[in-house]
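Please look at the two chains together before reading on, and keep the sequence beside the model. The paragraphs below go from the contact between the chains to single pairs of residues.

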Amino acid sequence: MTAAAQINGFAIDAQNLTRRFGSFIAVDHITFDVKTGEVFGFLGANGAGKTTAIKMLVGLLAPSEGVAHVAGFDVHSQREQIRRNIGYMSQRFSLYADLTVRENIRLYGGIYGLPPAHIEERTKLMLDTLGLATNADDLVGKLPLGWKQKLAFSVALLHEPKIVFLDEPTGGVDPITRRQFWELIYAAAARGTTVFVTTHYMDEAEYCDRISIMVDGKIAALGTPTELKERFGADSVDDVFVRLARGAKKGEAA
Amino acid sequence: MSNAVELRSLSKSFEKVKALDDVSFDVAEGELFGLVGPDGAGKTTLFRILTTLLVPDKGSATVCGLDVVKDLWAIRSRVGYMPGGFALYPDLSVAENLEFFAAVFGTTVEKGYELIAPIYRQIEPFKDRRAEALSGGMKQKLALSCALVHRPDILLLDEPTTGVDAVSRREFWDQLGNLKASGLTIVVSTPYMDEALRCDRVALIHSGKILEIDPPGAVGRRYPLPLLSVTGGERFELLRALREFPEAHAVYLFGDELHYTDKRAEVSAQAIAAEVQEYLAQRGHTDAQVAPISAGIEDSFMELMGGAPPPTAAAA
């Protein structure tokens with residue numbers, strides 16, 4: 001399966017993936033795949049089960065049922081390999097506020113086991129690309145939010161993972177910075193990195209190649225933004241989302 | 001109609017950062033006024049001054065006709081404030097949070113119940129649950145109930161919809177509409193540009209400065225340059241091609257479209273559309289569709305922020 005998944009061009013392949021907490025089914029038999037190099041938007045209301053699903057995919061939580069392969073590795077038995085082959089950026093940032101930009105890059109390079117010369121080279125490239133060269137020795141905590149987000153994204157890509165998971169990466173920043181962030185996403189996808197992203201900004205859902213919308217632990221819709229809009233006769237993904245998510249009760253009661 | 005809020009040349013700095021830089025505007029009584037801008041724009045500093053929690057460096061501010069420096073105790077009972085992140089007591093239950101806020105203002109939940117009922121009833125079935133165990137949407141409803149329980153004259157809401165999903169956000173704005181209809185003045189901040197459409201007037205704020213204040217429908221009308229929508233084809237490629245067009249002023253992703261702004265204010269958008277269409281066809285984007293459009297709030301915001309983005313992002 002490992003080899004087959006890669007040959008088939010799937011970065012993620014999930015079948016009936018399920019997670020229970022006691023009698024509560026947070027993720028309820030979800031089946032989907034994400035193609036290599038795809039920008040995949042993983043949408044859902046608060047409490048729909050997104051975070052639980054992501055935790056299973058990144059190897060932080062064991063599924064109760066079902067199978068899934070991420071970067072070709074089994075989420076049941078190869079969680080360590082998965083963690084080494086993915087990048088992850090959460091809305092709370094993975095960077096250390098009291099280390100400088102350069103120190104953060106060096107720290108993560110070390111954690112990922114990159115050789116020092118390679119880290120040096122990647123640091124220079126990253127600083128130039130992000131326009132942060134003159135801020136290399138600034139504390140990350142002092143940087144504007146948008147810069148932190150771009151830096152966190154680049155650091156998540158430092159070890160050249162096959163897939164990067166972005167959990168609400170653009171919350172709170174101005175509309176120009178949000179768009180710059182999406183251009184970084186497109187650039188990474190163009191280099192072959194698969195991008196798995198969650199967002200509450202429905203216009204950003206339109207930037208994805210395909211999106212899924214989770215409602216009450218299930219995937220209620222999956223397709224390209226255009227397909228979904230046509231299927232629901234809606235003007236925007238926002239409309240599709242609201243139609244599907246309204247009436248979902250489990251999340252609120254949870 | 002008198003003004004619920006009056007700001008005159010308000011400034012506030014923290015060390016080197018100018019959080020608010022010469023801000024002046026009025027909010028009319030009964031108005032639903034939106035403050036739209038990203039993190040760090042100065043929204044929270046403004047709310048803290050209006051709620052008398054911070055003293056301005058320069059300028060003056062009144063709320064309900066009361067001065068924020070001299071009349072702070074009088075203001076505090078007139079204002080309902082919902083801070084960012086909701087600021088509930090996590091280890092108190094839903095009912096206890098509400099009772100606490102009522103008690104602080106020397107009133108009771110019963111006296112404020114009529115006003116909060118449409119919101120509070122939705123979470124009342126969970127009244128014994130600790131606030132920390134609530135979902136984002138429920139926390140938001142509880143925080144709004146707590147801000148309203150003492151029947152304030154003005155409601156100040158700092159990013160009440162941040163981190164809340166699209167459905168809860170819509171419902172929240174429906175509730176604000178109802179509260180406004182009851183005569184309450186509401187000042188609400190948001191980083192979501194689309195929410196500005198629900199306000200009577202919006203102030204676009206960035207880096208401590210007010211960029212524009214207008215009714216939401218009027219914001220785009222001041223857009224100074226021809227604006228086109230471009231669709232079809234591979235978006236990232238199309239974006240790059242458009243950025244290389246010599247007359248391009250700014251090119252942005254925009255939902256399922258790209259928005260292209262031309263430098264030439266004097267040329268008709270129709271003529272520019274034809275020109276851009278031909279340019280794209282020459283570059284191999286034969287299925288691209290180009291059409292003039294009118295600007296929305298987000299277009300205006302980006303233009304007012306300073307137009308063209310730095311080259312860092314696209315170069316990667």
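In this predicted model, chain B and chain A bury about 3400 Å² between them, with 57% of it on carbon and sulfur atoms; buried area here is the accessible area (1.4 Å probe) that two parts lose on being put together, summed over both. Within chain B, the residues that lose the most area to chain A are B:R170, B:F236 and B:L253, which together make up 18% of what that side buries. Counted by residues, the contact takes 41 from chain B and 38 from chain A, where contact means heavy atoms within 4.5 Å.

As the model is predicted, local features need pLDDT of at least 70 and side-chain atom pairs count only at pLDDT 80 or more, whereas totals for chains, interfaces and linings use all residues, and side-chain values use heavy atoms, with hydrogens and water left out.

Which polar links run between the chains? There are 13 residue pairs in polar contact between chain B and chain A, both residues being at pLDDT 80 or more; a polar contact is a pair of N or O atoms within 3.5 Å, and within protein one must be able to donate a hydrogen and the other to accept it, while residues adjacent in sequence count only if both atoms are side-chain atoms. On the side of chain B that touches chain A, the elements that give two or more residues are α5 (136-148), α6 (166-181), α8 (235-243), β12 (248-254), α10 (297-305) and α11 (312-315) of chain B; helices (H or I, at least four residues) and strands (E, at least two) are DSSP runs, numbered from the N terminus. The largest share of that side, five residues, comes from α6(B). By type, the residues of the side of chain B that touches chain A divide into 23 nonpolar, seven polar and eleven charged, where Ala, Val, Leu, Ile, Met, Phe, Trp, Tyr, Cys and Pro count as nonpolar, Asp, Glu, Lys and Arg as charged, and the others, Gly among them, as polar.

Side chains of opposite charge can pair when their charged atoms come close. A salt bridge is a side-chain nitrogen of Lys or Arg within 4 Å of a carboxyl oxygen of Asp or Glu, and the count between chain B and chain A is six. One salt bridge pairs A:K229 with B:D256, whose closest N and O atoms are 2.6 Å apart. By the same rule there are 36 salt bridges over all chains. A:K229 lies in helix α9 (residues 225-232) of chain A and B:D256 in the loop between β12 and β13 (257-262) of chain B, so the pair joins two chains. A:K229 counts as buried at 9% relative accessibility, whereas B:D256, at 37%, counts as partly exposed; buried means under 20% relative accessible area, exposed over 50%, and partly exposed in between (1.4 Å probe, protein chains only).

Within chain B, B:K209 forms a salt bridge with B:D21, the closest N and O atoms being 2.7 Å apart. Since B:K209 lies in strand β10 (residues 209-214) and B:D21 in strand β2 (residues 17-28) of chain B, the pair ties together parts that are 188 residues apart in sequence. B:K209 is partly exposed at 43% relative accessibility, and B:D21 is buried at 17%.

Turn now to chain A, where seven of the nine residues of helix α10 (residues 237-245) are buried, so this helix is largely enclosed by the rest of the structure. The buried residues of α10(A) are A:V237, A:D238, A:V240, A:F241, A:V242, A:L244 and A:A245. Their packing partners are β3 (39-44), α8 (202-205), β9 (210-215), β10 (218-223) and α9 of chain A, together with α6 of chain B.

How confident is the predictor? Chain B averages a pLDDT of 92, and 97% of the residues score at least 70; pLDDT is the predictor's confidence in each residue, from 0 to 100. Over residues 307-316 of chain B, however, pLDDT stays under 50, and for this stretch the model has 24 contacts beyond four places in sequence. For the complex, the predictor gives an ipTM of 0.82 and a pTM of 0.85.

Key: Residues numbered from 1 in each chain as written. Chains lettered and ligands numbered in written order.
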